[in-house]
Amino acid sequence: MTRFERFAYATVVVALLVAWFGLARGNDALRSRAPSAQVAGGAR
Amino acid sequence: MSHALLAGLLTGAVFGTALYKVTAIRYERVVGMLLLTDVKIMKFAFSTISVAAFAYGLADIFGLSEATGIAPRVMAFTGWAHVAGGVLFGASMAATGFCPGTAACRAGVNLGSTRFEALFAVVGLFLGVYVYALLKLPLQGAGVIDAPQGLTLHGWMGMPYGPAAMLLGALFLTLTALVDRYLPEVPSEPVTAPRGVLDRVRGEWHFFPAGALAGLTIVAASMQDGYIGYSGSILAVYGWVADAIGQTSSLVPKVTDAIVWRAALIVGVVLGAALARLWSLPTQQEASPAARPAAFDAARSARVMLGAGGLSLGAMVGGGCTTGAFLSAFPTLSVGSFAMGTTFFASAMGTAWLMRRVGAVRLVGGRVQLPAVGRS
């Protein structure tokens with residue numbers, strides 16, 4: 001396993017734990033946020 | 001307005017530096033990615049998406065989105081427009097080896113040289129916007145471009161955004177690691193072997209630091225209430241110029257600070273790439289005589305301009321380019337970006353495969369050789 005792979009998989013494990021924490025916490029600040037107006041009607 | 005101009009220039013310059021340092025401007029890298037013979041740019045793109053998704057996800061989960069402005073702006077879903085625009089954009093990308101951002105980046109790198117393809121590509125990008133201005137209403141009337149809807153994957157799944165963004169980031173980082181293990185990357189070719197940290201910074205960058213810088217720049221753009229997408233930047237420049245000469249375009253009815261920021265973004269890419277070239281060690285490709293052609297190739301320049309026109313028109317119809325509809329948009333879990341991104345990559349990979357079959361692209365030792373257009 002390369003150094004990058006070790007870094008990547010360790011980061012993925014931490015990210016999954018944070019996602020689980022976020023789900024358990026139930027914070028949903030952005031879910032109801034309307035898409036902002038974009039330049040000339042589209043993000044592009 | 002001057003603040004928006006400076007902020008856009010700086011943001012674009014940092015992003016342009018990342019594109020140049022990871023060699024995303026090289027035709028061989030782009031077509032190599034599409035043929036899966038040199039996947040460095042794919043790993044760069046996946047790293048960018050994962051870093052941006054993690055930043056957005058962490059900000060949401062820890063309740064920092066509103067305070068910091070680290071909140072996603074969602075690319076709209078516009079129905080079949082993503083398919084129509086994506087097919088044209090992907091075919092044009094494979095044929096030219098450009099996307100709007102890398103065309104601007106390469107134009108910056110080639111400033112002061114005798115290579116003009118990228119300059120013609122930028123002209124072609126503006127022509128594409130002009131054609132789009134003519135076609136937009138008929139396409140809307142024909143039902144190709146639907147009214148924009150802010151559809152997101154997490155909204156459809158009924159999930160909160162933060163955890164969904166973390167899962168997407170984890171998915172793309174895992175993909176990066178798997179691609180790194182199982183698919184080839186053509187190694188960089190410095191003129192002299194790097195010695196020490198400074199030479200490594202001045203040489204070609206590993207995909208992850210470049211991807212992390214690009215991802216953080218996307219997040220920094222959100223903090224400025226902006227959005228990094230270069231077809232939108234071309235549109236903003238087009239609208240600003242049209243307004244300045246008294247021919248205000250219906251595509252950009254008013255020149256606001258947001259339009260100025262977006263216009264400055266692509267100028268910043270040109271400047272950032274030009275500066276990065278100055279402080280970087282040259283690659284063998286840049287140092288070779290082919291980088292300084294003695295004759296102007298009008299036919300190739302015309303083909304590049306036509307291809308760039310297709311890129312721009314495709315991006316306008318489909319809602320975004322490689323940056324705006326992929327790198328910046330995937331972390332926001334926009335359904336429109338998934339439709340556009342998967343369509344244009346499928347189209348680009350199919351076109352590249354066809355080009356290889358008919359001999360327009362040759363591989364020697366796993367390396368893409370002798371492109372018909374867009375060589376730099």
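View 1. In the largest nonpolar core, which has 132 residues, the members touching the most others are Leu19(B), Ala94(B), Ala103(B), Ala104(B), Ala121(B) and Ile266(B). Helix α3 of chain B, residues 40-61, is the top contributor to this core, with 14 residues. A nonpolar core here means a set of buried Ala, Val, Leu, Ile, Met, Phe, Trp, Tyr and Cys residues joined through C-beta atoms within 7 Å. Buried means that 20 or more other C-beta atoms lie within 10 Å of a residue's own; 12 or fewer makes it exposed, anything in between is partly exposed, and the C-beta atoms are placed from the backbone. Helices (H or I, at least four residues) and strands (E, at least two) are DSSP runs, numbered from the N terminus. Keep in mind that this is a predicted model: local features need pLDDT of at least 70, side-chain atom pairs count only at pLDDT 80 or more, and totals for chains, interfaces and linings use all residues. Residues are numbered from 1 along each chain as its sequence is written, while chains are lettered from A and ligands numbered from 1 in the order in which they are written.

**View 2. Zooming in on Leu19(B).** Which residues is Leu19(B) in contact with, leaving aside its neighbours within four places in sequence? They are Ala24(B), Ile25(B), Gly101(B), Thr102(B), Cys105(B) and Ala273(B). Two residues are in contact if their C-beta atoms, placed from the backbone, lie within 7 Å. In soluble globular proteins, nonpolar side chains tend to be buried together.

**View 3. Helix α11 of chain B and what it packs against.** This helix runs over residues 207-223, and its 17 residues reach 24 Å from first C-alpha to last, close to the 24 Å expected at 1.5 Å a residue. The expected span is 1.5 Å times one less than the number of residues. α11(B) is mostly covered, with twelve of its 17 residues buried. Among them are Phe207(B), Phe208(B), Leu213(B), Ile218(B) and Val219(B). The buried residues of α11(B) pack against α1 (3-25) of chain A, and also against α1 (2-21), α3 and α16 (323-327) of chain B.

View 4. Asp225(B) sits in the loop between α11 and α12 of chain B. Its phi is positive, about 60°, although Asp225(B) is not a glycine. Most residues other than glycine have a negative phi, and most peptide bonds are trans. Is Asp225(B) buried or partly exposed? It is partly exposed, because 14 other C-beta atoms lie within 10 Å.

**View 5. Leu36(B), another loop residue with a positive phi.** Leu36(B) is found in the loop between α2 (27-34) and α3 of chain B. Its phi is near 60°, a positive value in a residue other than glycine. Leu36(B) counts as partly exposed because it has 15 C-beta neighbours inside 10 Å.

**View 6. Two helices crossing: α7(B) and α12(B).** Helix α7 (residues 117-141) and helix α12 (residues 230-244) of chain B pack at an angle of about 75°, with their axes 10 Å apart. Axes are lines fitted to C-alpha atoms, for helices over the stretch in contact, and angles run from 0 to 180 degrees between N-to-C directions. So α7(B) and α12(B) are roughly perpendicular to each other, a label for angles of 65 to 115 degrees (under 35 is roughly parallel, over 145 roughly antiparallel and the rest oblique). Leu125(B), Phe126(B) and Val129(B) of α7(B) make the contact with Ile234(B), Leu235(B) and Tyr238(B) of α12(B).

**View 7. The loop around Gly63(B).** Gly63(B) lies between α3 and α4 (65-68) of chain B. It is exposed, because 12 other C-beta atoms lie within 10 Å.

View 8. Chain A has one helix and zero strands, and 30% of its 44 residues count as buried. Arg3(A), in helix α1 of chain A, is exposed, with 7 other C-beta atoms within 10 Å. The mean pLDDT (the predictor's confidence in each residue, from 0 to 100) of chain A is 75, and 59% of its residues reach 70 or more. Over residues 32-42 of chain A the pLDDT is below 50, and this stretch has 24 contacts in the model beyond near neighbours in sequence. Where pLDDT is low, the predicted coordinates should not be read in detail.
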